[in-house]
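Here's a walk through one protein chain, written for someone who likes to know the cut-offs behind each term. Have the viewer open as you read.

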Amino acid sequence: MTPANASLRLVRLDDDAKHPENTRQTQPRRALSPRRRKILIPLAVAWLVMASLACVLLLTGTKPSTAFGDTAAIPGGLARISAVIPLESDGWIPPRAADRLDSAVQPGAHRVRIMLELTAVDATGLSFDAADYSLSGVGSRATALWVDPSQWEAAAGTSVLATLVFEIPNQAIALVLDGPQGSRLSLGTGHHTAP
C-alpha cells in the first residue's frame, strides 16, 4: 500500500530520453589556465625527479657506515677506527720515506692519520691489505697517500694497528673508510679544521 500522495514512476535504464527529474546541468570542462599550467608543470617535474632519486637510492642499497669508534665485521675479524689525527696538530713524521707526503697539501684540504685497529677472531686469522681500503665522501674514492703496514697476516686472537694517511677537505663532511666486503667505518667530524 502506497500513500495516496506518492507517485510511482518507472524508468527504463536503456531509455535515452532525458527526464526532468534525473538530468543534471553539466558545464563544459574548462581548460587549465596558463597560470595553473605554469605551476602544474614544475610540480610534475619535481615529483618525477624525487621519485627517480628515491628509486636510485633504494636500488643501490648503500650499507650504512659504522659509527666512529665502533667495531665492524670484516673477513676474518673486526675493524675499528681508534683515532683520526690531523698531521698538523701533532707534527707526526712517517718512520720511513714517503714521496707522496713530500708534496704540498692542496688548498682547502689537510692530511689526517687514520689509526685502524684490526683484530683476528677467526681460527684462520685475518689478512690485511691496505689496497682494500679507500675513502669515500670526497667526490670520488681516495686512496691512502701512505700506509704502514701495507699488508699483514694476523693469527687468531692477535691485533694489528694500521696507519693510513689521507688528504681530505677542511669542511665537516661525512667521510667513510670503505673496507673489504662492504665494511664501512665513519671518520666522524672532530678532525676537521674548518666548520
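## A serine to start from

S127 is partly exposed, with 49% relative accessible area; here buried means under 20%, exposed over 50%, and partly exposed in between, using a 1.4 Å probe and protein chains only. Before going on, some ground rules: this is a predicted model, where local features need pLDDT of at least 70, side-chain atom pairs count only at pLDDT 80 or more, and totals for chains, interfaces and linings use all residues. Residues are numbered from 1 along each chain as its sequence is written, and side-chain values use heavy atoms, with hydrogens and water left out.

Back to S127, which sits in strand β4, residues 126-129. Helices (H or I, at least four residues) and strands (E, at least two) are DSSP runs, numbered from the N terminus. Leaving aside residues up to four places away in sequence, S127 touches W152 and E153, where a contact means heavy atoms within 4.5 Å. The side chains of S127 and E153 also make a polar contact at 2.9 Å. That term covers a pair of N or O atoms within 3.5 Å; within protein, one must be able to donate a hydrogen and the other to accept it, and residues adjacent in sequence count only if both atoms are side-chain atoms. As for I74, it is 53 residues from S127 in sequence and 9.9 Å away in space, C-alpha to C-alpha.

## The chain as a whole

What does the secondary structure of the chain come to? It's 3 helices and 10 strands, and from the N terminus on the order reads α-β-β-α-α-β-β-β-β-β-β-β-β. Of the 195 residues, 32% count as buried. The accessible surface is about 13,700 Å², with 57% of it belonging to carbon and sulfur atoms; areas come from the Shrake-Rupley method with a 1.4 Å probe, and for residues only the protein chains shown count as cover. Among contacts with a separation of 6 or more, residues 24 or more positions apart account for 67%.

Five-strand sheet: the 5 strands run in the order β1-β2-β3-β8-β6, with antiparallel pairing. β1 and β6 are at the edges with a single partner strand each, so one side of each has no neighbour in the sheet. The twist averages 25 degrees from one strand to the next; axes are lines fitted to C-alpha atoms (for helices, over the stretch in contact), and angles run from 0 to 180 degrees between N-to-C directions.

The other open sheet has 3 strands in the order β5-β9-β10, again with antiparallel pairing. Its edge strands are β5 (134-136) and β10 (184-186), each pairing on one side only. Neighbouring strands of this sheet are turned by 30 degrees against each other on average, direction ignored.

Two strands pair if DSSP finds at least two bridges between them.

| Strand pair | Bridges | Example partners |
|---|---|---|
| β2 and β3 | 9 bridges | V84 and I114 |
| β6 and β8 (residues 159-169) | 3 bridges | W146 and V165 |
| β5 and β9 (residues 176-178) | 3 bridges | S134 and D178 |

The hairpin of β1 and β2 has 2 residues between the strands, and G76 takes a positive phi near 95 degrees there.

Is R111 buried or exposed? R111, in strand β3 (residues 109-120), counts as buried at 6% relative accessibility. Its side chain makes a polar contact with the side chain of E167 at 3.0 Å.

Rings of Phe, Tyr and Trp (its six-membered ring) pair if their centres lie within 6.5 Å; planes under 30 degrees apart count as stacked, over 60 as edge-to-face, and the rest as tilted. By that rule there is 1 aromatic pair. F128 and Y133 form it, tilted, at 5.5 Å centre to centre with 40 degrees between the planes. Both F128 and Y133 are buried.

Two backbone spots deserve a look. A cis peptide bond joins D148 and P149, with omega about -5 degrees; P149 lies in the loop between β6 (146-148) and β7 (151-154). Q181, in the loop between β9 and β10, has a positive phi near 50 degrees despite being a residue other than glycine. Q181 is exposed, at 71% relative accessible area.
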